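Opening the notebook on this one. I want to go through a few spots in turn and jot down what turns up.

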Amino acid sequence: MSFCSIRGYKAGAGLPKVVIMKDAQPSRSGTTRPARIATARGPGGAIRAQFSGFAARLPGLALAVGVALVATALGRLVPVVGAPVSAIVLGVLVALAVRPGERMRPGIAFAGRGVLQAAVVVLGAQLSLGRVLRVGAASLPVMIVTLAVCLAAAYGIGRRLGVVGDLRTLIGVGTGICGASAIAAVTPVIGAAEAEVAYAVSTIFVFNVAAVLAFPALGHLLGMGQHAFGLFAGTAVNDMSSVVAAATTYGGPAADYAVVVKLARTLLIIPVCLGLAALVRRRARTADGHAGAAGSGRGLTSRVRVGRLVPWFLLGFLILAAANTAGLVPSDSHGPLSVLAVFLITVALSAIGLSTEPSRLRRTGPAPLLLGGCLWLVVSATSLAVQFLATRYL
């Protein structure tokens, strides 16, 4: 039966307010769910609510886009630095100079998450699965072994250095796969904090610059051919701009092969994100199970659903890559889509910089930077070692 409650009634006051409430219904667990208040919302209430939410995001989103535009201009002036790293730095500087208020927070939060996920989807348009598969069997062992060694080293060395789990994961994935793009894909999966993302991107950038300056000289010292150096640059350098810069310095054929290897490495985002998503869900179920056991004497169990395991933006990434492979994405749109993907990442990293607290970065200390340096050396040595073993014994 329905019932009513009288709110705010006092003797001598005006007519009381009567609120009609729906019946309380038992839940599946046998407990009674609290009754819900029926709201008298007009037919346009949902639309007005959505518009209000969008309007609340506009100021912060506009600020992030403005910072991203300036960062894009700086990235064109200094290609080695690039727009994404410039965006992080500019965002932090703006946050230091003029701390964004509460009015800006919804839009900045949306740019740091929603725009970041959209950027990962657009990245799929750069992939041709057929071309990636034609890279050849010789490059696959180098990519897979390099990634496995990098992740293992990130876990072991990171624990020794006292680097926290999410930051350790971001630096490991960014070094082992493809820099800022991989960090962008992993961040929403593990729910990393803005300060950790900022530190990870900055760390990756430092060693990208070191690779651009040092790797061509190292390749000549080792007498590497164009194909061999392209494979080395494609597996040991992180962001695409740095891969192109290092390989182009070595030679045109090296640059062409390095770009394909780098695109193939991008596909490794998929299994890594799936593994991390499964790990996050497993930890959440374990925590829920302990809480249930403490409260009722029995743990909570749930089946893993593929729809919840695979993030929506990763599915979008795969769908767009498959569409590009099938020729459904016009070839003349590849360039603009690539520019769009980089700009979306730049907007997202601008927002992360704007929401970063520099005091948290200072408290983190130099350990993550040291971890990034160790992983850079490990990945470089592993790539060279696997190439040497493959050419000698395979």
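**Notes on a predicted model**

Started with Asn324, which I found in helix α14, residues 312–325. Is Asn324 buried or exposed? It counts as buried, because its relative accessibility is 8% and the cut-off for buried is under 20%. Leaving aside residues up to four places away in sequence, I see Asn324 touching Ala125, Gln126, Leu127, Ser128, Val329 and His334.

Next, the rings. I get five aromatic pairs. Phe215 and Phe232 make a tilted one, 4.6 Å centre to centre with 35° between the planes. Phe215 is buried at 3% relative accessibility, and Phe232 is buried at 0%.

Phe215 also pairs with Trp376, stacked this time: 5.8 Å between centres, 10° between planes. Trp376 sits in helix α17 (residues 367–393) and Phe215 in α8, so this pair ties together parts 161 residues apart in sequence. Trp376 counts as buried too, at 14%. I noted the cluster that ring pairs make: Phe207, Phe215, Phe229, Phe232, Tyr250 and Trp376.

Last, the second largest pocket, about 420 Å³ in volume. I looked up its lining: 17 residues, with Gly165, Thr169, Leu276, Leu279 and Arg283 nearest the centre. The elements giving two or more residues are α5 (139–161), α6 (165–176) and α12 (269–296). Which element gives the largest share? That's α12, with seven residues. By type, I have the lining down as ten nonpolar, four polar and three charged.

Methods:
Residues numbered from 1 in each chain as written. Predicted model: local features only at pLDDT ≥ 70, side-chain atom pairs only at ≥ 80, totals over all residues. Heavy atoms only, no water. 1 Å grid on protein atoms, 1.4 Å probe; cavity = no way out; pocket = protein on both sides within 12 Å on 5 of 7 lines; lining within 4 Å. Points joined across faces, edges and corners; volume = space filled by probe spheres on them. Helix = DSSP H or I, 4+ residues; strand = E, 2+ residues; numbered from the N terminus. Nonpolar A, V, L, I, M, F, W, Y, C, P; charged D, E, K, R; others polar. Buried < 20%, exposed > 50% of the residue type's maximum accessible area, 1.4 Å probe, protein only. Contact = heavy atoms within 4.5 Å. Phe/Tyr/Trp six-rings, centres within 6.5 Å; stacked < 30°, edge-to-face > 60°.
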